[in-house]
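Dear colleague,

I am handing over the structure we spoke about, together with some notes on what was found in it. Please read the notes beside the model itself.

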Amino acid sequence: VVSGGKEKKPVGNASVYVRYVKERILLKDKKIEMDLKTNMSGVCHTPEIPAGKFLIQVVAPGWKTFGEYYEVNQAEKTIRINLSPPPKWY
């Protein structure tokens with residue numbers, strides 16, 4: 001769920017990038033990247049991701065870019081991200 005500002009308004013049409021590494025026994029690990037979009041309510045659903053560490057990046061026009069690693073060991077989890085306004089240019 002992506003929201004923005006102090007009012008935590010939903011951010012629609014934000015680009016959400018999810019990156020993780022799928023470990024394989026015989027071959028090199030496979031890097032997976034998903035490019036998703038939020039709906040008008042600021043919600044983005046991902047297909048099943050294996051438990052472990054992954055990176056979430058959010059890019060939306062008019063907001064500061066967000067990126068953070070998460071460690072998840074549950075089957076389903078809602079991650080709430082609140083975007084900050086961009087820095088002032090003088």
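Predicted model: local features only at pLDDT ≥ 70, side-chain atom pairs only at ≥ 80, totals over all residues.

Residues are numbered from 1 along each chain as its sequence is written, and side-chain values use heavy atoms, with hydrogens and water left out.

To begin with the sheets, an open sheet of 4 strands runs in the order E4-E3-E5-E6 with antiparallel pairing; strands here are DSSP runs of E of at least two residues, numbered from the N terminus, and two strands pair if DSSP finds at least two bridges between them. Strand E4 (30-37) and strand E6 (66-72) stand at the edges with a single partner strand each, so one side of each is left without a neighbour in the sheet. From one strand to the next the twist averages 20°, where axes are lines fitted to C-alpha atoms and angles run from 0 to 180 degrees between N-to-C directions.

Within this sheet, strand E3 (residues 15-22) is joined to E4 by 8 bridges in the antiparallel sense, and valine 18 stands opposite methionine 34 in E4. E3 also pairs with strand E5 (residues 52-59), again antiparallel, over 5 bridges, and there valine 16 has valine 58 of E5 as its bridge partner. E5 in turn runs antiparallel to E6, with 7 bridges between them, and leucine 55 faces tyrosine 69 in E6 as its opposite residue. The hairpin of E5 and E6 has 6 residues between the strands, and in it glycine 62 takes a positive phi near 90°.

A further open sheet, of 3 strands, has the order E2-E1-E7 with mixed pairing; E2 and E7 are its edge strands, each pairing on one side only. E1 and E2 are antiparallel and share 2 bridges, with serine 3 opposite proline 10 in E2.

If residues up to four places away in sequence are not counted, isoleucine 81 touches Val1, Val2, Ser3, Ile56, Val58, Phe66 and Tyr70, contact being heavy atoms within 4.5 Å.

The largest pocket is lined by 26 residues, and Cys44, Thr46, Lys77, Thr78 and Ile79 lie nearest its centre. A pocket is an open set of points on a 1 Å grid over the protein atoms alone, where a 1.4 Å probe fits, with protein on both sides within 12 Å along at least five of seven lines, and lining residues have an atom within 4 Å of a point. E5 gives the most to this lining, with 4 residues.

Lastly, lysine 8 has a positive phi near 55° although it is a residue other than glycine, and its place is in the loop between strand E1 (2-4) and strand E2 (9-10). Lysine 8 is exposed, at 55% relative accessible area, on a scale where buried means under 20%, exposed over 50% and partly exposed in between (1.4 Å probe, protein chains only). Asparagine 13, also not a glycine, has a positive phi of about 60° and lies in the loop between E2 and E3.

With best wishes
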